[in-house]
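Please open the model in your viewer and keep the selection panel at hand. The stops below follow one another by selection.

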Amino acid sequence: MRRLLQLIHYYRAFLLFLVLEFVSLILLVRFNPYHSASFFYSSNVLTGKIFTLRNNIAQYFSLVSKNEELAYENALLREQYYKLRHEFRTGTSLLPEESKNFEPFEFVNATVINNSTRKFHNFITINAGAANGLEPGMGVIGPSGIIGKVFSVSENYATISSALNIDVLTSAVIKSDGTFCTARWSGEDPRYINLLYVPRHISVQKGDSVVTSGFNPVFPSDIMIGIIEDVSLKESESFYNVKVALSTDFYTLSQVYVIKNPLAEERNRLEENLFMP
Amino acid sequence: MSSRTYIIQLIHITLYLLAQALVFNDLVLFGRAFALVYISFVLMVPLESGRVSLLLMSFVMGFLIDVFSDTLGVHSAATVLIAFLRPHWLNLITPRGGYENVSIPTIQIMGFQWFIVYTIPIIFVHHFALFFIEAGSFNSFFFIFKRILLSSLFNLFLIIVFQYFFYRNVKSI
């Protein structure tokens, strides 16, 4: 026994090294956000406060460009509003079938307080949390397209796994012909995302728009993802390599909208039942 | 190690954490070279501290960086690795006079050449572990390797700059 203790004491540094590496490994592998508190992520209270403080100082330097961006979005929305009002008055829109399919999405406005684009798993911290009704799994969009999904929330902050995260898959369609596919980031260039599972019998054109499919309750349909930049097809493969230029500039994120879908739970429950007889 | 030294190390951890999380995390050169200046903390832990406390302090440092950059486990693993290797590496490169009068192995006390020899392998090992753990695979090997090399050079430069700015007045014992 004494010898054993002596041995442990002699190798204590090495043993501690193994223990700490093991702890790191567990943190790396086991921390699934849906089961854990937000404490270990940047959405915790202390981190959130510190990032907010920095953002309060830093945002003064980009007020002009942010104003322009918001004004541009305002103009776009105003245009859509008048168009819809016109269609509504003339009776060309909101036919009975369409209004039945309507899902009542709600939007929560939030400001980005921390952002990264250069890692393989990029995350964004925003200043809205459980107090604003946010929950893990909700979709996040910006003025010009998709941003990501809510990953973990605390009372007043939330961490978003950005579309620039090799673990995030987004259900997408190519707008011109309705081909269903999946968007996933390759981890290398923050300006482009790849499309998986575009079958080779379809003709994919450079310049086609790619939008969200609306097949799951995270994003509404028709939210912009990007525009096809490059298409290639290897002789032996059954799927295209499609490179899409993201419509969102992830370097300069500032305002984002979190999408709340009050019917998400009902829809998830229904769709889960399909697989479990 | 006296409790005073521990408190000083704790202050160092806090300062490095704030510098890394608020400034250097956003500093990426050419989209390739990352500024990870917090490893300077591990390099500058006083020589009198034992291996166990060096490991524990480095784990705390790495873990806090992880929390602030949403990379749970990645920085801790890489930082603990270099903290484990540091005493062995120091033994291998013992200068002629030994470390008898050395409190902290700064560039002023140890000389430029020795400091470079001390720093480069530790930075490289740290970045190698960090970037491959973060990627989770060897899939984009050359892309990641380019990152490792460029980041190592960039951080070597930053750590030397830190030496002249913040570690000038460290006295030898």
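**Stop one: a contact between chains**

Select Asp26(B), which is partly exposed at 45% relative accessibility. The model is a predicted one. Asp26(B) forms a salt bridge with Arg54(A), and the closest N and O atoms are 2.9 Å apart. The pair crosses between chains: Asp26(B) sits in the loop between helix H1 (3-22) and strand S1 (28-29) of chain B, while Arg54(A) belongs to helix H3 (residues 45-58) of chain A.

Is Arg54(A) buried or exposed? Arg54(A) counts as buried, because its relative accessibility is 17% and the cut-off for buried is under 20%.

Asn114(A) is part of strand S1 of chain A and is buried, with a relative accessible area of 11%.

**Stop three: the barrel**

Now select the whole of strand S1 (residues 106-115) of chain A together with strand S2 (residues 121-126) of chain A; the two pair in the antiparallel sense over three bridges. For one of the bridge partners, pick Val112(A), whose counterpart in S2(A) is Ile126(A).

In chain A, six strands close into a barrel in the order S1-S2-S5-S4-S3-S12, with antiparallel pairing. On average, neighbouring strands of this sheet are turned by 45 degrees against each other, direction ignored.

**Stop four: other salt bridges**

How many salt bridges are there over all chains? The count comes to three. Select Glu106(A) and Lys260(A), whose side chains meet in a salt bridge at 4.0 Å, N to O. This pair links distant parts of the chain, 154 residues apart: Glu106(A) is in strand S1 of chain A and Lys260(A) in strand S12 (residues 255-260) of chain A. Glu106(A) is partly exposed at 40% relative accessibility.

Next, select Asp189(A) and Arg191(A), where the side chains form a salt bridge of 3.0 Å, N to O. Asp189(A) is partly exposed at 24% relative accessibility, and Arg191(A) is partly exposed at 47%.

**Stop five: a nonpolar patch**

Finish at helix H1 (2-10) and helix H2 (12-30) of chain A, each of which supplies at least two residues of a nonpolar patch. This surface patch covers about 1100 Å², and its residues include Met1(A), Leu4(A), Tyr11(A) and Leu18(A). H1(A) gives the most, with five residues.

Technical notes. Residues numbered from 1 in each chain as written. Chains lettered and ligands numbered in written order. Predicted model: local features only at pLDDT ≥ 70, side-chain atom pairs only at ≥ 80, totals over all residues. Heavy atoms only, no water. Pairing = 2+ DSSP bridges. Helix = DSSP H or I, 4+ residues; strand = E, 2+ residues; numbered from the N terminus. Axes fitted to C-alpha atoms, helices over the stretch in contact; angles between N-to-C directions. Patch = residues over 30% accessible without salt bridge, like charges linked within 9 Å, V, L, I, M, F, W, Y side chains within 5 Å. Areas by Shrake-Rupley, 256 points an atom, 1.4 Å probe, with all protein chains shown as cover. Buried < 20%, exposed > 50% of the residue type's maximum accessible area, 1.4 Å probe, protein only.
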